[in-house]
Amino acid sequence: MVPDIGRGSRTHGLLVYLYGPGRREEHTDAHLVGSWDGFAPDPGRDTGLDPDPKVTLARLTAALDLRVKQAGDRAPAKHVWHCSVRTAPGDRRLDDEEWNAVAQRIVHATGIAPAGDPDGCRWIAVRHAEDHIHIVATLVRGDLRNPRLNYDFNKAQAECRHIEKEMGLRRLNAGDGTAAKNPSSAEKFKAERTGRPETSRETLREAVRQALAGADDEKEFFTRLREAGLRVKVRYAPSGDALGYNVALSGDRNRHGEPVWYPGSKLAPDLSLPKIRQRLTDSIEQMPSSAVTNTRSDWSPPARERRSATGIAERAAVILDGDGEAAAAQLVGIGELLDAVAQTSPAATRAELAAAARAFERATRSHIRAECAETRALHSAARGIVQAGGALGRGEDGGTTAMLLSTLVLVTLAAARWHSARGHAQQAHASRQAAEHLCTAYRQAAATPMRALHDQGRTLPEAQRRTHEDNLRAALPEQYTRADGIPTKTDALVATLAQAEQAGHAPETLLQQAIDIRELDTAADVNDVLVWRLRRLAQLPAHPGETASRPQAATRQPKISTNRTSTWTAPTATARPTVDPRNRPPRR
């Protein structure tokens, strides 16, 4: 059950809309289901006193506005309180008596008309569809004072959660006040009328986030906005310092022919200029030299940047298993990385990645303060991906896209667990939605390279294949065999281990390093996760059609300090062990 509250100044105009046919002839059988005293005139049903609905509508308007006129100048300028309450898709149909009970509970919870208070505000509840009602109240009490409506939206939300439970309706996720503002009904209707797939507010929000992803400073941020085709208006102080900014879509104008401007803070709480400035200031500080990752110079820039981002995302997942501001900051950085990947990925995966970035946007905000300095590595990864440009959907570019997406699935699932543990229901749901979109995009990106790896694994000599399968069975006894007792298909993983051995690595040691990076319990396919970890650690080509190289110098990456007992750093090239692999040290 979803409440939506607004305020206005024209009681009669709102009633004309509620009792009218609607913008698309969607209003049917408009009538009252409740009112402040149970005897308010109903233009939809009262035909005895006056057959003309317009006369009855005027009587209803006068009755609602009575105390407003009595209060005179003391009445608030926007004296009309309007709250629509809608059931969720799939909920049962409520009858008029049930909707009346819902309306009474909402006006009581918000302070409009507390139960038992004879001086409560006058209100009505209009129903013109099966799934929702509109509550209209005038904000002057019987004693001519204004009602106390502090946090009325939060109170309405909380009451809806109780109503859902008691009436057996679908229980929606509770909000915490950090969500971006939803488009208004007028904005949605305008988008439909002009043939846009979404409202201007939603389009601008995504465009601003993509412009911010990896931006070096304010100047670059504003330049990217203009390059994206947006109209930008910056507000300056007398000193010349920027105070804020507004953006508008080209061609989006109001009835006066003026651009429809949106301040950044109205697009999302973290898109105001002060918040953006703080984020950029903390993120653009010089990255330590130990954070630089060695990659092969013969790979394309998009492939190199995606490999580097994969390792950084893996470390973000480790931090998300912890607690505090450092973990909260990783969510902001992962959102920025998703925005960067979405705008530079191949066409085949771009739609799903854009949907993942939009969904995860909700997961980046909560009341736990994020320490922006902790996002430097992720900000740097996002910047590298944007500057490297668009990736191809084939070859090494396509393979490294699959490598990165495999890791981002696990990161978003880690974010869902982090939010769930803290009662952030909406953010946890958003994280899981992002993971679903990423899974779809991963399957599209990984289809070709994984098929090639499976083919290579099946053509290996039997003795070599059996050796690697024995190592897998020893290292992963639980994951190697499914619940039904049938061994999992490990062709791609065996092929990767064989290629790592050919490149000069010790496959047993490398496999253990890949396993120790992070838990595998949340992986939908352990084999796929390990394939990409191994290929990144051994610097094998992400696409098996490329040529492997001998191990390079030690990869230098920062250590991760968490509340766990172990830390991980990227491995150096490994020498072959002289001991029997069956006698290797136990797993950590």
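Leaving aside neighbours within four places in sequence, Gly120 is in contact with Arg67, Ile112, Ala113, Arg141 and Gly142; contact means heavy atoms within 4.5 Å. The structure is a predicted model, in which local features need pLDDT of at least 70, side-chain atom pairs count only at pLDDT 80 or more, and totals for chains, interfaces and linings use all residues. Residues are numbered from 1 along each chain as its sequence is written, and side-chain values use heavy atoms, with hydrogens and water left out.

Gly120 lies in the loop between H3 and S4. Helices (H or I, at least four residues) and strands (E, at least two) are DSSP runs, numbered from the N terminus. Gly120 counts as buried, at 9% relative accessibility. Buried means under 20% relative accessible area, exposed over 50%, and partly exposed in between, with a 1.4 Å probe and protein chains only. Gly120 and Leu139 are 19 residues apart along the chain, and their C-alpha atoms are separated by 9.3 Å.

The protein chain holds 20 helices and eight strands. Of its 588 residues, 51% are buried. Among contacts between residues at least 6 apart in sequence, 72% join residues at least 24 apart.

Five strands form an open sheet. Their order is S1-S3-S5-S4-S2, and the pairing is antiparallel. Two strands pair if DSSP finds at least two bridges between them. Strand S1 (2-8) and strand S2 (31-35) are the edge strands, each pairing on one side only. From one strand to the next, the twist averages 20°. Seven bridges pair S1 with S3 in the antiparallel sense. Pro3 stands opposite Val85 in S3. S2 and S4 also run antiparallel, joined by four bridges. Here Ser35 stands opposite Ile124 in S4. Five of the five residues of S2 are buried, so S2 is largely enclosed by the rest of the structure.

Helix H1 (residues 11-19) lies across S2, S3, strand S4 (123-127) and strand S5 (132-138). H1 runs at about 165° to S5. Helix H3 (residues 96-110) lies across S2, S3, S4 and S5, and runs at about 140° to S4. Axes are lines fitted to C-alpha atoms, for helices over the stretch in contact, and angles run from 0 to 180 degrees between N-to-C directions.

Arg74 occupies the loop between helix H2 (53-71) and strand S3 (80-86). Arg74 counts as exposed, with 54% relative accessibility. Residues up to four places away in sequence aside, Arg74 touches Leu144 and Asn146. Arg74 and Asn146 are 72 residues apart along the chain, yet their C-alpha atoms are separated by 8.5 Å.

A three-stranded open sheet has the order S6-S7-S8, with antiparallel pairing. Strand S6 (230-236) and strand S8 (262-263) stand at its edges. Each has a single partner strand, so one side of each is left without a neighbour in the sheet. Strand S7 (residues 242-249) runs antiparallel to S8, and two bridges join them. The bridge partner of Asn246 in S8 is Pro263. Helix H6 (residues 200-212) packs on the sheet and touches S6, S7 and S8. The direction of H6 makes about 125° with that of S7. Helix H7 (residues 218-227) also packs on the sheet, touching S6 and S7. The direction of H7 makes about 145° with that of S6.

Two packed helices are described by the angle between their axes and the distance between the axes. For helix H10 (residues 301-320) and helix H20 (residues 526-537), the axes come within 11 Å and cross at roughly 120°. H10 and H20 are therefore oblique to each other. Angles under 35 degrees count as roughly parallel, over 145 as roughly antiparallel, 65 to 115 as roughly perpendicular, and the rest as oblique. H10 passes H20 in a left-handed crossing. A crossing is left-handed if the near helix is turned anticlockwise from the far one by less than a right angle, and right-handed if clockwise. H10 contributes Arg307, Thr310, Gly311 and Glu314 to the contact, and H20 contributes Arg533, Arg535 and Arg536. These residues divide into no nonpolar, two polar and five charged. Ala, Val, Leu, Ile, Met, Phe, Trp, Tyr, Cys and Pro count as nonpolar, Asp, Glu, Lys and Arg as charged, and the others, Gly among them, as polar.
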